[in-house]
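Please read the following report alongside the sequence and the model, which are shown here.

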Amino acid sequence: MPPTTFNAVLLLSSFLFTIGLTGVLIRRNLLFMLMALDIMLNAAALLFVAAGAHWHDATGQVMFLMILALAAAETAVGLAIILALHARGRPSLDADTGNLLRG
Amino acid sequence: MSPLPALVLLPLLGGAVAWLADRSSTTGTSSARKISWRITLMVLTLETVLLLITTFGQHSYQGPWLDHFSIPWIPIMGISFQLDMDGLSLSLLWLTLILSFPCVLLATRKIDTNAGAFHFLFLAALTGITGTFLATDLFLFFFLWELMLVPMFVLISAWGHEDRHRAAIRFFLFTQGSGLLMLLSILGLVITHYRQTDVLTFDYFTLAHTHLSSFLSMVLMLGFFIAFAVKLPVVPVHVWLPAAHTQAPTAASVLLAGLMLKTGGYGMIRFNLMLFPETALRFAPVAMGLGVAGILYGAWLSCAQNDVKRLIAYSSISHMGFVMLGIFTGSNTGLQGAIVQMLAHGLSTGALFLIAGSIQDRLHTRDMAQIGGLWASWPRLSSAGLFFAVASLGMPGFGNFTGEFLVLLATWHVNSIVAALTTAGLVLAAIYSLRMVNRIFLAPTRTPPLHATDFSIGQMSVLGVLMVLLVLLGVHPQPVMTLSLPSSLSTAAPSSGGDYGQ
Amino acid sequence: MSYLLPLLVFLPLASALFLFTTAGKISAQTVGFVAASAIGLSALCSIVLAGAFLTSAPSTPLQITLWEWMHTQEFSADIAFALDPISLLMILVVTIVGFLIHLYAIRYMEEEPGIARFFGCMTLFVSAMLVLVLSSDLLCLFIGWEGVGICSYLLIGFWYENPRNTAAARKAFYMTRIGDAAMLCGLLILATSTGSLQTHTVLTALGAGTIAPQTLTAAALFLLVGGLAKSAQIPFQTWLPDAMAGPTPTSALIHAATMVTAGIYLIARLHLLFAAVPLVMMLTAIIGALTILMAACTALVQTDLKRILAWSTISQLGYMFLALGTGIWQAAVFHLMTHAFFKALLFLTAGAIIARLHHEQDIFRMGGLYRSMPGLTAAFLAGAAALAGLPLVTSGFYSKEMILSSIWSAHFPLAPLFLPLAHILWGMALAGAFLTALYISRCVFIVFFGPSRTAASGSTPRLMAIPLACLSFLSLFGGVIEMPDTLAPIHLFTRFLSSPFPHAEEPVWLVLTGGSVPIAGIVIAWILWGRATPVMQEIPGQSTIIRMAKEGWGADALYDFLFVQPFRFLVWLTRHDILDYLILGIGRMTRAISTFFETARTRSLTLFSGKTILFLHEGDALLARFQNGRVRWYAAWIVAGLCAALVSGVVS
Amino acid sequence: MNTLALLSGSLTLLGAIMVITRRVAVHAVLYLVVTLLALATVFALLGAPFAAVLEVIIYAGAIMVLFVFVIMMLNLGQPDREREKEWLRPRIWGGPALLSTILCAELIYSLSTLPQQTDSFSPLSARDVGLSLFGPYVLMVELVSFLLLAGLVTAFHIGRHRMENR
């Protein structure tokens, strides 16, 4: 019944992660970065689900659930930050202008 | 109970009391000044009484020395608080007291800034000087030697004249540096003695028996010698003296010239000559050469000075050259001459500094060209100045001549050419003394009406005492000469002169 | 009797102390009275002593040791007085002449504000002089020797408001001090070789021959230098004329009668010692003779009255030295005594004249004074006659005659045989006598005769006249106690000195020559200056030799050039303490070196640390690149790290 | 079935690429929805229907709506579009893209070393997941609830600031 191999799924997950990563790296707009992050999280989730299916274990989906919750929380907080920044006069949402993390 | 520790410690305690009294009295500056001044005077009077007791009282102590006192101080190091007195110490102690009275009566009364501290330091320096004359524990001697310097340093740097800080620092560096050399010598002597006998002691009499190799004893003696030579001062290391004497307040000048220089001479007799008799004899030609150099150099430079105090300071270098010469002639005559010269120099130069200080207090200048003839306005001060100037030029009948003659006599025995050269110093002495007299006392009246007053009768009588003593020392020095010969150690006394340097 | 000796010294000393302590509180009259009475009492004492001495046996000199002065292992000296004929003569001269001069000075100085200082110094001087002549110990003598020097200094510089006076005072003191230093050397030599300076000890040692000849020569030379300086002989003659800056009584007492004769006294005292050293004796005689001529020539051209007398004093002292040098010390002492009388008289008279002429001292501004002040003229004439040695009637004749006639036959063992040194010296002394008569007569003729030039005022007080009269008497008749055998066999003086004097060798022609030369001098002076139309109104002052003579033969300038200026220059050059600079320089050098090291160290450290900092800075900048606070860069670095980790994981 | 798997997989990748290259935020969100729906298909194919359903409901439904709301609130317009164009220059994205490519290559290489195996993906029901979730992983559920609470509080806090600053 399974139409595809585990290796193929892993490959898909890798590609998806790389794309998300590329998105994080190349976009300066926080909004897009947030979306790219979601893509990366989904790639990770895919990996968990695939592994759960591979070894027939429910833990993979439990982990998926956790990632889901994580993504929800992350998105909520990230969007709140974006809104706050926008409201403080940085409408461009440029990730490079904020350098508060600088050592 | 021996009065010696009281003699040493009384001024220090009295000084502390004077200071405290000054600090606690807040009624006003003038009365406060009086309080510390009065206490100082009382302390000196008490000290005189003590010294009288010491001089004429019954001595329980048997031996060649007059009096003895000893208690352990730091027993583990063999250090004790040990004081001994012989005729030399006694005569110098009398000089100390006799000179400190005019200081207090004539000079320190004028101090109005922080008089309590001034009197405390004055008395502390006096303690150091008294103790130096008495201590026979080498550690105690060194301690008191240094104790003498610190108050003097503060006196100069706090109450001195325009260039006081430099002068004070120079004074301190020279004396302190040479004092450290002496400490090294003391330690060397003590350690050598310890190695030989396994007894750790700083006792003067015990250490005198240490057997030293000739090289080591020369090195150790030089350590002592340099310390005393700086204090005396001997010519190449006299540099601190003119500045310090010039810049010091009057009382400190008197203390420096009258007493502190004597500690150098005393040390040379007590430590160089008596601890290392043979070495001192070997070293004598050099020391005598330095003495003659000091006599001529000091007198020569004194001829060139325009600053009264500087002139007197250089003349003291010249006079102390005689002391050095006398000590190292190696004969009793020379030694007695040196001692008489020290006493007479203390009286005459001390008085001259008092007079110069009084002039400066009144006219605010030390430049002879600006002082001008004082005879018309202040005959008493001027006549006193003339008297002491004449004394310091070596007029027979004054103590200075007695000392100089005895020294010259002893020197002539050793080397007649050196002695003949030294008499040239007498001519130079006449030149600088009379130059001073004809510049500031017997000179055309320069200054318009002076508001300051002449010496009062009381002040003149204080100086009169000094004059009488000086004349007594000049015409009847025999009691002093007999008394003041240092008591011999049991080993070697600087007796009959050697025939070195021929 | 011996207690009179310290009393003799003590009276003037006490008076001096009293006058100094009460200066400014008592009136001038009292001051003068106290001083004069103290000296008067001293004079009385000395007369009593003289009476006692003459009546008692002269062989035992009066002696008293007051106290031990200094006694050490190898030397002893006492404060001790002794009275022998020489010192008795000296105390008589000092106290009597001193008393007369003090009497005179009471009125002379009464207007001076510093009269207490004046009389204090004068009485102090007398006491010092008495110590000098009385002490039996040479070191004790030295007290008086220096004491009279300092009193002389104080009195020459009495009017200190004028710097020239104090300069003259210092000059006098310095020059005598040089002699004193030499004398001290001489004393030291004697002290080291005999262990005592008691006169009789020294002379005993000399007689016993315990002193080495070289030592003796050196000692005698040094003592001679001391005596020469004190008595203003060549080469120390320059201080005495300048010393005339002091008040006239001072000049009379100190610089004519007493102090300047101290050198003669010293040598006369030690004549045995000097006699043992022929070289020094000859030197003394030659110096004395040269001084006679030099000073007499100088006196001949002076125009200042007091300076004439000063140079005359030097010249007369030269006679005494000549006498000492030829071994006739009795004659020297005799001349000393008569000289004290007539020179004091001359000075006091000159002082009185000058005072009445409103302090005019130039003799060419005086003239015709015998009309206005006959008394003073008489006194001055008496003194001048004595100085010139007018035969028979003056004391000066006898004393000078005694010297002159003895020199002829003197014997100098060291002189070359072909050179009749004694005769040459006699000729010089004779020429000196002629010149003496010439210059003093010149002075007399110009001052007292001829036209009047300056009006005199006032009159001489009686208190000043009495001493003048006494001194006139003494200078006229004080010499009769000793006469040449040719005239009368009176030898009171030499008998008094208890040393027989060989008068026998005096030929008559010698006495005649000695007597005629002064007369010749006076006659020639009369021809030159005394007549109504004098031949020479003034010795032409233009020629070089005259100018030089006037200036004392350039000795002053020479000394100034040779000693004073170089000394001043050198002192000025070295007025700063070289050693001071040296030590300060060492200090500065040390500081410079340490500063150098410190800078070098700092620089190297700076360089090193700079490099390090630069390096660190660059590293920091590099690291800061990573820490630029840009999220995307962080992400990129995470990715890069991930890549690297994966590579390492895969490769391994 | 294999075709469906391939289609959904490539749609996922395509959607993802479109998301990261869009200049307009709404377009990107829509592409992201597409990606998520395709991913849900993949989950279903892997035998995880529960996960697929949750993906659609929570991710594509709830979270994406959140995005849309925010984009609406940001009120983006033409300047933003221009700016995004400005920011998407090859010089800017070249480096990161290269880095990502290297990483991708490495991942592929490391995957290629894995042994080839054929699996049978038997489906796991919601019940299994539920049993597992409330059995051994109950503590994790609690932690997740904390996480969600924290996210809620944080978002509220940041939003509150914004309100006050108004």
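The model is a predicted one, in which local features need pLDDT of at least 70 and side-chain atom pairs count only at pLDDT 80 or more, while totals for chains, interfaces and linings use all residues. Residues are numbered from 1 along each chain as its sequence is written, and chains are lettered from A and ligands numbered from 1 in the order in which they are written.

Four pairs of chains touch, and among these four pairs chains A and D have the most contacts. In this pair, 72 residues of chain D are in contact with 64 residues of chain A. The elements giving two or more residues to the side of chain D that touches chain A include α1 (2-21), α3 (49-74) and α7 (138-165) of chain D; helices (H or I, at least four residues) and strands (E, at least two) are DSSP runs, numbered from the N terminus. The most residues on this side of chain D, 13, come from α7(D).

Chain C meets chain B through 43 residues of chain C that are in contact with 45 residues of chain B. On the side of chain C that touches chain B, at least two residues each are supplied by β1, α5 (138-156), α6 (163-194), α24 (555-573) and α25 (578-626) of chain C, and the largest share, 13 residues, comes from α6(C).

## Inside chain C

In chain C, strand β1 (residues 62-71) runs antiparallel to β2(C) and is joined to it by eight bridges, two strands being paired if DSSP finds at least two bridges between them. The two strands, β1(C) and β2(C), form a hairpin with four residues between them, and Q63(C) stands opposite A82(C) in β2(C). Of the eight residues of β2(C) (residues 76-83), seven are buried; a residue is buried if 20 or more other C-beta atoms lie within 10 Å of its own, exposed if 12 or fewer, and partly exposed in between, with C-beta atoms placed from the backbone.

Helix α20 (residues 462-477) of chain C has 16 residues and should span 22 Å at 1.5 Å a residue, which agrees with the 22 Å between its end C-alpha atoms; the expected span is 1.5 Å times one less than the number of residues. Its buried residues include M464(C), P467(C), L468(C) and L471(C), and the buried residues of α20(C) pack against α3 (85-108), α15 (329-356), α17 (374-388) and α18 (395-408) of chain C.

## Domains

Domain bounds here come from an automatic or database domain assignment. Chain C is divided into domain 1 (163-565) and domain 2 (578-651), whose C-alpha centres lie 95 Å apart. Chain D has domain 1 (2-111) and domain 2 (136-166), and 25 Å separate their centres, taken over C-alpha atoms.

Methods
Two residues are in contact if their C-beta atoms, placed from the backbone, lie within 7 Å.
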